[in-house]
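Welcome! Keep your viewer open and your selection tool ready, and let us walk through this structure one stop at a time.

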Amino acid sequence: MRTLVLASTSPYRLQLMRQLELTFQVAAPQYKERLDPDIAPELFVKHQALQKALSLQERYPDALIIGSDQVFVDARQRMLGKPGGAEEAVAQLMEMQGRRHTFYTGVALFDSLSGEQQVEFETFSVTLRSLTEEQVRHYVERENPVDCAGSFKIEGLGIALMESMEGRDYTSLIGLPLIRLVEMLGHFGIHTL
C-alpha cells in the first residue's frame, strides 16, 4: 500500500483520520496559513488545503498526502479563522448567537509521485442558541476552543451551544470531511472497508 500522509498539526484531524483505521503518517505542513477575506471561502480553503499537501512533496516523493483547511463565514458574510485567545473566543461566540453561520472545509489529496491531485470542499451550517455571557465564558474556560474556527468544539461540549446544525458530513465541521476523503482515497485505490 502507498504511504499515506496527513499534512496537519491538528489533534482534531489526527483523531478523525484514526477513525478510518488506515496506516498513515503525520507531518507538519511547510506552509504558512494566511487568511484572505477577499477570496471566496470555498476557493480559499481548497487553495490552503492543496498548499499544505504540496508543501510535503519533497519530503514524501512517493506518497498520497492529505491537506485540509477550514474557515467559517458568519451571518454578516465575514470570513473568520481561529480566535487565538479566550477573550476573542467569548466575543466571537456572543456575536454568533441566534444566527446561521457556515463552515467551509477544504480537503486535498495529492499524489506526490504522479502529481495527480483532487481538491474539494464541504460546507456545514450551525445556528447557536441564545446564551448568557456567563454561559459562554464558562464554556470557553472548560474547553479552551481558541484553536478552533468558530470558537467551539462540536465533538465536545460545543454541542450544548447549538440550536441546529445542517450539512452532509459533520466531520467537516471538526476539520476533515471524512465522507469526501473516503471517496477521494477510493479514486487512488485505497479502500477503507
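Where does E33 lie? Select E33 and you will find yourself in the loop between β2 (25-27) and α2 (41-54). Keep in mind as you look around that this is a predicted model.

Stay with E33 for a moment. Its relative accessibility is 39%, so E33 counts as partly exposed. Leaving out residues up to four places away in sequence, E33 touches Q48, K52, D69 and K82.

Next, select two helices: α3 (residues 86-96) and α4 (residues 133-143). Their axes come within 10 Å and cross at roughly 135°, which makes α3 oblique to α4. The crossing is right-handed. To see where the helices meet, show the side chains of A86, E87, A89, V90, L93 and M94 on α3, and of E133, V136, R137, Y139 and V140 on α4. Sorted by class, this contact has eight nonpolar residues, three charged ones and no polar ones.

Now for the interior. In soluble globular proteins, nonpolar side chains tend to be buried together. Here, the largest nonpolar core has 40 residues, and L4, M17, I66, L93, F152, L176 and L181 are those with the most contacts inside it. Pick L4: beyond its neighbours within four places in sequence, L4 is in contact with M17, L22, T23, F24, Q25, L64, I66, L185 and I190.

For your last stop, select L56, Y60, A63 and I65. They are among the nine residues of another core, which lies apart from the largest one.

Methods:
Residues numbered from 1 in each chain as written. Predicted model: local features only at pLDDT ≥ 70, side-chain atom pairs only at ≥ 80, totals over all residues. Heavy atoms only, no water. Axes fitted to C-alpha atoms, helices over the stretch in contact; angles between N-to-C directions. Helix = DSSP H or I, 4+ residues; strand = E, 2+ residues; numbered from the N terminus. Parallel < 35°, antiparallel > 145°, perpendicular 65-115°, else oblique. Left-handed = near helix turned anticlockwise from the far one by under 90°. Contact = heavy atoms within 4.5 Å. Nonpolar A, V, L, I, M, F, W, Y, C, P; charged D, E, K, R; others polar. Core = buried A, V, L, I, M, F, W, Y, C linked by side-chain atoms within 4.5 Å. Buried < 20%, exposed > 50% of the residue type's maximum accessible area, 1.4 Å probe, protein only.
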